[in-house]
Structure formats: structure tokens, C-alpha cells
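Trainee: Please take a close look at one part of this model for me. I would like to go through the salt bridges in detail.

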Amino acid sequence: MSKKQVHLAAHFPGVNNTTVWGDPESGSQTDFSSFVHFARTAERGLFDFLFLAEGLRLREHRGKIHDLDVVGRPDTFTVLNAIAAVTTHLGLGGTINTTFNEPYELARQFASLDHLSGGRAAWNLVTSSDAFTGENFRRGGFLRPEQRYERAGEILAAAKELWLSWADGAVVDDRERGIFAREVPVVEHRGEQFSFHGRFGVPRSPQGHPVLIQSGDSDQGREFGAATADAIFSRHSTIEAGQAFYRDMKDRLPRYGRSEPDLTILPAATFVLGDTEADAHERAEHVRRQQVSPQTAIAFLEQVWGRDLSAYDPDGPLPDVDPDPDGASITRGRVRHDKDTMKVAREWRELAEAKGGLSIRELIVETTARQSFVGTPKQVAAQIDEAVQADASDGFILVPHLVPGGLDEFVDTVVPELQDRGAYRTGYTGTTLRAHLGLARPTSAATPHPAARAS
């Protein structure tokens, strides 16, 4: 019986405190050379795809730009189309919001990327109810959680109707008779969110349509992913939590006429390598303290407390005052904790006490840490292989802490170890991202969204 193969993807780091932009080895977040180096390293490592996050508005903290994390990045489509020209096999995944975009425009942009890359495009669908971000857009930003997925479901269904409206072989390029394409049907969509009528302007792309990635973790988000996604960007990356999530997602597939190979589960994970296990753990501690500077620790605490805590010592104990329920908006944009700030403060105090009296900075290091593989290359390869063979995941989306060279050591040392274990490819066997992930190419016409009706 052949061994289950590990899937790997690479997240270009940025827009969060994982990225140590102040490190002397860190390069530019905007120079094209950074994207080229990172992408070519991932391709040299035979990764399935590169993945870009996106921030649609600069975060603010106490009325100022939150520049403890990386601030600003070029447009996702511009970057991915440029990377397509300097790579040959690497998949190209972009995070594009369903709340602030229209289906025809998105369908056209992703179909174009899929054509220009020879079938390597992927769309990470995300939703947002953030009114602060929405102020940058004409339609605004407030949507109730259930409305976010209603809109996402319809925008995806509408995009599929457009992508699949051109039949395979519709482009005949008959120069003698002067016929470029067979009849292209009119797409008629009338739904709760969108209405349009017309022919799609891009022929069917090499993959049929881009690979679809989803990352919602609520029950509604999981259901949406089971129904629509080709891959899940998961946050559950310990063995136990990963196995529970993996089994839950795979068990939801049959009710949508899908089977387990139709969905790839890829948690995010960081890594730190060393010549010895002790060296790796020492380096990991150094990286975490770079990621959570004293200023960052206080800023994270202020997000929960809703107060100016600049007078507190980040290496001292938690404040003895309770959070201000009316001050929660001290940070605007991307606050990812439970909205019950008193509950969060209580849990953090209990954790700090249980861990022997953690300081503010130590607590934030503890509570913001991603799942991380730490050890020698051989040990890290074994940890990754163990998680995949135990069905805690199908692989990982790696998030290095440096740009652009953060993947280099992993590709040079861990990938050969995975290959020696028989758990990782030694060469690309296909040219499209669907081929890398073992996914079938969609060939049938799209089923209209339930909310759509003929006019």
C-alpha cells in the first residue's frame, strides 16, 4: 500500500505579527524581487501552491496606523499574474473577499490568471462583516454572519455559471471560414445579491475553473467549505484538534455528492530549524520574542482591555483592572478574539496563573503562537509526516517568519528528508494546480444558485 503523500503550500508572510520585518535578514514586502525569490524557492521545493493573504484596509490602533505588523502590500492579482511569468508549475492562490466584490469582475480576473498561468490559479474565498473595512467600498461593510455566507454562496455560484458557460472546445479558431468560437450562451442570473445578463468574456480556462480554497471555521463556514471548497486553510494543526477537524470536514462531504479525495485539509504552520533540537528550540524562542515585541504585547492586551495600557510594564503582571466593555474598538480591523472581553480577560488571567505567573509579554507569546514545527530537519520532517499519516491533515501551509528567504532552509533540508521517507514527490507529475492536488477538472455546466431565477 502506497504511503499517503504530504501536500505543502507556502504563505508569503505579512499582514500579521508572524512576520519579523525588523530582522536584519528581512527584505522588502513590496519589491517584485522578494516575490520572485519566494515563489521560485517554493517551486524548487515542489510545493503545490503559493498563497497570498490580503488586507483591504490598514489597521488602526488608538487612532494611529498599526505598524507593528507589516503595513501595505501590492494588489493580489497584479502580484500573482507577475509571478506566473517567472514560474512554471507552482500554483498561485489569492485571498479575495466576497463581501466587497462583484461576481463578473472576479470571475474574469481569476479566469485570466488561470489562462495566463497555464492552469495554476486558486481563489481563497473569505467573507467580512467589518464595517471599518467596508468604509473603503461603495456598498459598505456591515453584514450579519448568515448574510456573509449567503452572499459568498451566491457570488461563487454566479462565478461558476460564468466560468463554465463556455463549452470545452468552444474556441475553434477556424481561419478559413472566419469562425473564432462556437456559440457562447448568455448567462442570466437573477438572485438576492446579484443580477446580470450577458455572455462571459473569457473562454473556459485550463482548469475549468480555479481551485477553490476556504477558511471559515464556524459551523456555517464548515458547511460552506464542505459544499464548495477544493482545499481548506485550517487553523487546527495539533494532532488531536487536527484529527477532529479533519474527520468532521470529511464526514460532511457525502451529503454534497463528494468523497474524501475531493477536499484537501491544509492547516497553517510555522517552523524553526536547528542543527540540534536544543538549538532549534533556542532559535524558536528568539523568533517568538521578535514576533511579540514589548509594544506588540501591550497592543494585543489593549485590544482586549479596550484601554490605554501604555503605562504598564510588558514584562510585568496583567492589569488588575477589568476590560472596559465600551473601549473594545480601540483597535479597528482584524481583531481575532472572542467579543466577550471579560471572558477573554478571565481566561488569560487563569492561564497566566496556571503557567506560574506569566508576564504580559509571555502571555501574548503563549496565546498568539501558531502551531510550529521545531527541531532538526529530520525531526521536522518526521513531525509533518506523522500528522499527515494520522489524518490530522493532508499537509500544511507553511508560514515562515522572514521575507524573502524564509523558505530556503526548509526546502534545502526538510524536503529531502520527506522524500527519503517516501512521503513527498520527487518531481511535478502535472502542470496544473488541480493535478498537484489530485482534483478532477470540472467539465459540466454550472448548476444555477438556488437564489437565482430566470427573469
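Mentor: Start in helix α7, residues 239–252. Aspartate 248 and arginine 252 both lie there, 4 residues apart, about one turn of the helix. Their side chains meet in a salt bridge, at 2.9 Å from N to O. Bear in mind that this is a predicted model. The two partners fall into separate accessibility classes. Aspartate 248 has a relative accessible area of 25%, so it is partly exposed. Arginine 252 has 8%, so it counts as buried; the cut-off for buried is under 20%.

Aspartate 248 and arginine 252 also belong to a network. Salt bridges with shared partners join them to Asp217, Asp219, Arg222, Glu223, Arg235 and Arg255.

Glutamate 366 and lysine 355 meet through their side chains in a salt bridge, with 3.3 Å from N to O. This pair links distant parts of the chain, 11 residues apart. Glutamate 366 sits in helix α11, residues 360–368. Lysine 355 sits in the loop between α10 (341–354) and α11. Glutamate 366 is at 37% relative accessibility, so it counts as partly exposed. Lysine 355 is at 47%, so partly exposed is its class too; that class ends where exposed begins, over 50%.

Arginine 425 forms a salt bridge with aspartate 48, and the closest N and O atoms are 2.8 Å apart. Arginine 425 lies in the loop between α13 (408–420) and α14 (433–437). Aspartate 48 lies in the loop between α1 (32–44) and β2 (49–52). The pair therefore ties together parts that are 377 residues apart in sequence. Arginine 425 has 19% relative accessibility, so it counts as buried, with the limit set at under 20%. Aspartate 48 is buried as well, at 0%.

Strand β3, residues 60–61, is joined to β14 by 2 bridges. Across that pairing, glutamate 60 has arginine 332 of β14 as its bridge partner.

Notes
Residues are numbered from 1 along each chain as its sequence is written. This is a predicted model: local features need pLDDT of at least 70, side-chain atom pairs count only at pLDDT 80 or more; totals for chains, interfaces and linings use all residues. Side-chain values use heavy atoms; hydrogens and water are left out. Two strands pair if DSSP finds at least two bridges between them. A salt bridge is a side-chain nitrogen of Lys or Arg within 4 Å of a carboxyl oxygen of Asp or Glu. Buried means under 20% relative accessible area, exposed over 50%, partly exposed in between (1.4 Å probe, protein chains only).
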